[in-house]
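Here's a quick briefing to read with the model open.

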Amino acid sequence: MSTCSITEAEARALLRDYTYLLDLGPLSGWPDCFTETGHYEITTRQNRERGYPLPIMLCDNRAMMFDRVEATEKANIYEPHYYLHILSDSQTIAVSDDAITTRTSFICVRTMLDGSMLLFAAGQYLDEVMREGGQCLFRSKTVVLDHSRVDTLIAIPL
Amino acid sequence: MSTCSITEAEARALLRDYTYLLDLGPLSGWPDCFTETGHYEITTRQNRERGYPLPIMLCDNRAMMFDRVEATEKANIYEPHYYLHILSDSQTIAVSDDAITTRTSFICVRTMLDGSMLLFAAGQYLDEVMREGGQCLFRSKTVVLDHSRVDTLIAIPL
Amino acid sequence: MSTCSITEAEARALLRDYTYLLDLGPLSGWPDCFTETGHYEITTRQNRERGYPLPIMLCDNRAMMFDRVEATEKANIYEPHYYLHILSDSQTIAVSDDAITTRTSFICVRTMLDGSMLLFAAGQYLDEVMREGGQCLFRSKTVVLDHSRVDTLIAIPL
């Protein structure tokens, strides 16, 4: 593989910090994990294997992400549940001069305020990480869920 | 961050070995993961966010931990279940000259002897790690559970 | 510990790549993760603790693994579900001149095509890793499940 200005360790640290941000908040920091024209998408493994192009959720730049955060914060007066992400190891699948692409299996546990706990999501992150303005950021993040049924009211990003 | 006599890798190795000890035993080794005046606490995220000071379980030094181990061993003639901890990445949240503080998401799966498996606990470890007597040890470990309902008979530490 | 020609990082990378191979396929690549006379075994923690020698599944060399892959591919016209493995940290438990033995807690989530998700397996990998033909490979992999009840139709290796 060619030399990249981003190391595997840097890409992994970004992903780690991303999941702690989602789990602990504030959600307003979410768009800042992406480049200005960063791409965020939730899809399913089945969709990808069958070539269905329609994602479950799509943000094609940071401004769209800020809109989503605002909508989420307006819609949810109080936080009705907690998320907890667990990451497995990352596998590097592509390297270019300025970006590294990794695959990372994850699960997300959702806990409702009544105390019930649920395995909420399971799948893989496909992340393209590059540097912009001196920071490691996601140029692209595709969340590929193993399950086709998803809570259609997903408000908080995965 | 300032230079610390404990590296992130050392703190992580301690946490890793701690979880294998809990899962495989012997439980009598548990207090030895802490400094003499080490602090161990299980609480919930909700308690912390609301400022409720009362933890679910508290040991304020190693002697209290030994007492708890003894009580557990007397109460449980045979081991009625298995635990399995899975760790996500650790995030360093504070560094001082002699200690490092990390946050680590984890889940714990409990398997009963009848074969049923359950997502038993999910939350974060807040660990303060320092060196004492040449060994990396927990000066403080706070287990912050995402769920408010907890098996009140928790005998084995998390 | 003595110096080994296999590093912990190499052993870990093999295990990581192994789990992505199982989750994403092709299954035909599975035997290639093992040495020619590699040993693969699924057993339970209870069996091991009680000294029952009978494993749930056993392949004593790579040829047996190829047979199993073929049988699996014939039996399953289409893939009825997805697997997703999540690994915790590895603990090195033995090192020799030419091999490293590690223990790694894992869970495996199974998702059916109807969208239902299940914590399918939880346990530990005991892996002996060595180099053969210039590649890091499993000389031996023992999957020790925490649960005694296992889907007896396990066709895809864990």
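Predicted model: local features only at pLDDT ≥ 70, side-chain atom pairs only at ≥ 80, totals over all residues.

**Around the axis**

Residues are numbered from 1 along each chain as its sequence is written, while chains are lettered from A and ligands numbered from 1 in the order in which they are written.

- The copies use different surfaces, and 13% of the contact residues of chain C recur in chain B.

**Where chain C meets chain B**

- Here 15 residues of chain C are in contact with 14 residues of chain B (contact: C-beta atoms, placed from the backbone, within 7 Å).
- On the chain C side, the elements giving two or more residues are β3 (81-95), β4 (99-112) and β5 (117-132) of chain C (strands are DSSP E runs of at least two residues, helices H or I runs of at least four, numbered from the N terminus).
- The top contributor on that side is β3(C), with four residues.
- By type, the chain C side splits into four nonpolar, six polar and five charged residues (nonpolar: Ala, Val, Leu, Ile, Met, Phe, Trp, Tyr, Cys and Pro; charged: Asp, Glu, Lys and Arg; polar: the others, Gly among them).

**The sheet and its helices**

- Chain C has an open sheet of six strands in the order β2-β1-β6-β5-β4-β3, with mixed pairing (strands pair if DSSP finds at least two bridges between them).
- Its edge strands are β2 (57-59) and β3 of chain C, each pairing on one side only.
- Strands β5(C) and β6 (residues 135-145) of chain C run antiparallel, joined by ten bridges, and E132(C) has Q135(C) as its bridge partner in β6(C).
- Helix α1 (residues 8-24) of chain C lies across β3, β4, β5 and β6 of chain C, at about 165 degrees to β3(C) (axes are lines fitted to C-alpha atoms, for helices over the stretch in contact, with angles from 0 to 180 degrees between N-to-C directions).
- Helix α3 (residues 62-75) of chain C lies across β1 (34-44) and β2 of chain C, at about 65 degrees to β1(C).

Conventions
Contact = placed C-beta atoms within 7 Å.
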